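This report walks through selected features of one structure. Please keep the sequence and the 3D view at hand while reading.

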There are 2 protein chains.
Amino acid sequence: MNFLSKETTAAYLDAGVWGSKAIKEAKLFGNVKVVASSKETHYDRIPDSYAVPDDAVYFHYTTNNTIEGTQMHAIPAVNIPLVADMSSDILSRQMDFNRFDFIYAGAQKNIGAAGVNLVVANKGFLEKGNTGIPSMMEYRQHVANGSMLNTPPVFAIYVCLLTLRWLKSIGGVAAMEMINDKKASLLYNTLESLPVFHLPVAPQDRSLMNAVFTMKDPVLEASFLQACKEEGMVGVKGHRSVGGFRISLYNALPLSSVETLTALMKHFASKHG
Amino acid sequence: MNFLSKETTAAYLDAGVWGSKAIKEAKLFGNVKVVASSKETHYDRIPDSYAVPDDAVYFHYTTNNTIEGTQMHAIPAVNIPLVADMSSDILSRQMDFNRFDFIYAGAQKNIGAAGVNLVVANKGFLEKGNTGIPSMMEYRQHVANGSMLNTPPVFAIYVCLLTLRWLKSIGGVAAMEMINDKKASLLYNTLESLPVFHLPVAPQDRSLMNAVFTMKDPVLEASFLQACKEEGMVGVKGHRSVGGFRISLYNALPLSSVETLTALMKHFASKHG
């Protein structure tokens with residue numbers, strides 16, 4: 001709504017449910033060129049070869065796909081403004097924000113409580129945005145009003161402050177990235193070592209935030225879910241659209257939780273392997 | 001965006017800052033007929049004679065004007081769908097919701113914490129809404145998804161639950177209305193009885209939620225503000241666009257606060273009257 005029009009084209013990468021929804025919404029405002037899609041393989045990977053047209057007004061991608069468990073580990077090299085939905089992995093790893101012209105992220109994964117969003121924009125890019133759109137939807141008006149165009153959701157913002165203070169106190173994003181790497185390595189290495197489990201995602205595209213796996217024998221899925229439940233581990237079921245299991249490893253999850261889970265996995269595999 | 005188009009006209013009442021902003025936004029989507037305005041007298045009253053065209057797709061008004069301290073005490077009699085912004089007086093008094101086709105209200109005055117809105121819609125009216133607009137802006141999609149089209153702001157919703165339980169426990173909206181009437185009567189009667197104060201709003205349109213007043217001698221305003229501050233009363237300064245003072249009497253404010261304030265007013269008047 002801000003950066004696309006009927007006379008222009010935006011380039012999008014279709015690598016998951018969120019990217020696919022962004023494409024659907026963008027088509028309401030202008031022309032959309034989908035540069036590549038992994039939909040045919042159920043988004044089990046990030047498309048790895050595609051050309052981004054230099055005359056598109058921006059290139060949009062989703063950095064991490066929560067449902068499918070994939071993540072873009074490198075920032076795409078493009079010659080046009082880069083726009084990213086970082087909702088589910090912002091502040092989980094070091095990123096060169098200077099490479100982006102526009103970043104948006106819901107707070108509810110790694111920043112704070114649901115109900116507020118972080119937007120980081122290149123001022124020059126913002127200035128090229130459309131006018132004549134509703135005030136509440138026009139990013140420039142939010143900037144001009146110091147993020148108080150509307151009554152701010154003060155509690156949600158306060159939780160962000162507390163979360164950011166905590167993040168700073170443990171050493172910032174660099175320290176967090178090391179912890180997140182440990183968590184994901186432990187989990188993926190455990191899953192790979194136990195033949196009872198199956199990892200559907202292409203290894204190079206595995207997400208450090210959301211690990212998706214299934215059981216080689218689907219009959220065992222109910223038993224594993226029950227074993228988790230008995231140990232007080234909830235929320236491990238996969239999204240209904242992909243099935244199996246999904247372990248979310250957001251910043252708030254300590255390494256000790258992954259240690260407990262992987263111990264259970266080993267125990268389960270020894271009984272059912 | 002949902003109910004107006006370039007081919008249709010919506011009727012609006014211009015009785016304050018919020019209604020005026022709604023008019024500005026509506027003009028982006030279609031034709032707007034402003035049936036009456038009190039802008040020339042600085043919104044010191046609700047326009048009292050106007051005709052609402054029967055061929056407009058809806059009539060929009062703001063039930064209470066927070067900045068100017070005016071309130072519509074009766075529901076307008078119109079032959080077309082009635083749309084109301086009830087943000088600042090919802091749940092403060094009994095209203096026949098059946099008279100409305102569409103009601104919207106930010107939670108942050110009488111419902112709960114900032115960051116969530118209440119929308120009450122006539123299903124038949126909703127069905128006539130526009131399609132091809134962004135999903136997040138289409139009310140029907142929110143209904144179809146059980147108000148979970150987006151990740152719900154759970155804390156803000158939880159505060160609404162607690163506030164509504166409290167409201168129910170004291171006797172509901174009927175009991176609240178009696179308390180609000182007492183608060184407003186005490187405040188306005190006190191102000192009218194003390195010549196040092198001036199009430200700029202037309203008596204029949206005075207708001208039961210936001211009482212606006214000035215000092216007959218503007219020189220005394222700083223002294224009164226200081227007297228309030230010394231007694232621990234803050235937030236009494238009027239909006240910068242109208243000056244003077246504004247006492248907000250939302251549901252959460254107890255009668256005892258108004259008693260304390262009016263006692264101070266009497267004491268102040270006896271010294272400066």
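## The interface of chains A and B

Six residue pairs make polar contacts across the interface of chain A and chain B, both partners being at pLDDT 80 or more. The model is a predicted one. Salt bridges between chain A and chain B number zero.

How many residues of each chain are in contact? The count is 17 residues of chain A with 17 residues of chain B. Together the two chains bury about 1,300 Å². Carbon and sulfur atoms account for 66% of that area. On the side of chain A, Ala114(A), Pro134(A) and Phe155(A) provide 29% of the area buried against chain B.

## Salt bridges

Over all chains, the whole structure holds ten salt bridges. Among them is the pair Lys24(A) and Glu25(A), with the closest N and O atoms 3.8 Å apart. Glu25(A) is partly exposed, at a relative accessible area of 22%. In chain B, Lys24(B) and Glu25(B) also meet through their side chains, at 3.9 Å from N to O. Glu25(B) has a relative accessible area of 23%, so it counts as partly exposed.

Another salt bridge joins Arg140(A) to Glu138(A). The closest N and O atoms there are 3.5 Å apart. Are these two residues buried or exposed? Arg140(A) is buried, with a relative accessible area of 17%. Glu138(A) is buried too, at 8%. The cut-off for buried is under 20%.

## Helix α4 of chain A

Helix α4(A) covers residues 154-169. Does its length agree with expectation or depart from it? At 1.5 Å a residue, its 16 residues should span 22 Å. The end C-alpha atoms are 23 Å apart, which agrees.

Ala156(A), Val159(A), Cys160(A) and Leu167(A) are buried in this helix. They lie on the same side of α4(A), because they cover an arc of only 105° around the axis. What do they pack against? The buried residues of α4(A) pack against α5 of chain A, residues 172-193. The face turned away from the buried side carries exposed residues: Val154(A), Arg165(A), Lys168(A) and Ser169(A). Just after the helix comes Gly171(A), with a positive phi of about 115°.

## Two buried sites

Ala202(A) sits in a loop of chain A, between β9 (197-198) and β10 (210-215). Ala202(A) is buried, with a relative accessible area of 5%. Which residues does it touch, leaving aside neighbours within four places in sequence? Ala202(A) is in contact with Asp44(A) and Arg45(A). Gly69(A) is 133 residues away from Ala202(A) in sequence. In space, their C-alpha atoms are 9.8 Å apart.

Asn65(B) belongs to strand β4 of chain B, residues 64-65. Its relative accessibility is 0%, so Asn65(B) counts as buried. The side chain of Asn65(B) reaches the backbone oxygen of Ala15(B) at 3.4 Å. Beyond neighbours within four places in sequence, Asn65(B) is in contact with Ala15(B), Gly16(B), Ile46(B), Thr70(B) and Asn210(B).

Most residues other than glycine have a negative phi.

His42(A) has a phi near 55°, a positive value in a residue other than glycine. Where is His42(A) placed? The loop between β2 (31-37) and β3 (59-62) of chain A holds this residue. At 64% relative accessibility, His42(A) counts as exposed.

Ser147(B) is not a glycine, yet its phi is positive, at about 60°. This serine lies in the loop between α3 (139-144) and α4 (154-169) of chain B. Ser147(B) counts as exposed, with 52% relative accessibility.

Definitions and conventions
Residues numbered from 1 in each chain as written. Chains lettered and ligands numbered in written order. Predicted model: local features only at pLDDT ≥ 70, side-chain atom pairs only at ≥ 80, totals over all residues. Heavy atoms only, no water. Helix = DSSP H or I, 4+ residues; strand = E, 2+ residues; numbered from the N terminus. Expected span 1.5 Å × (residues − 1). Buried < 20%, exposed > 50% of the residue type's maximum accessible area, 1.4 Å probe, protein only. Arc of directions from axis to C-beta. Contact = heavy atoms within 4.5 Å. Buried area = accessible area lost by both parts, 1.4 Å probe. Salt bridge = Lys/Arg side-chain N within 4 Å of Asp/Glu carboxyl O. Polar contact = N/O pair within 3.5 Å; in protein donor to acceptor, adjacent residues only side chain to side chain.
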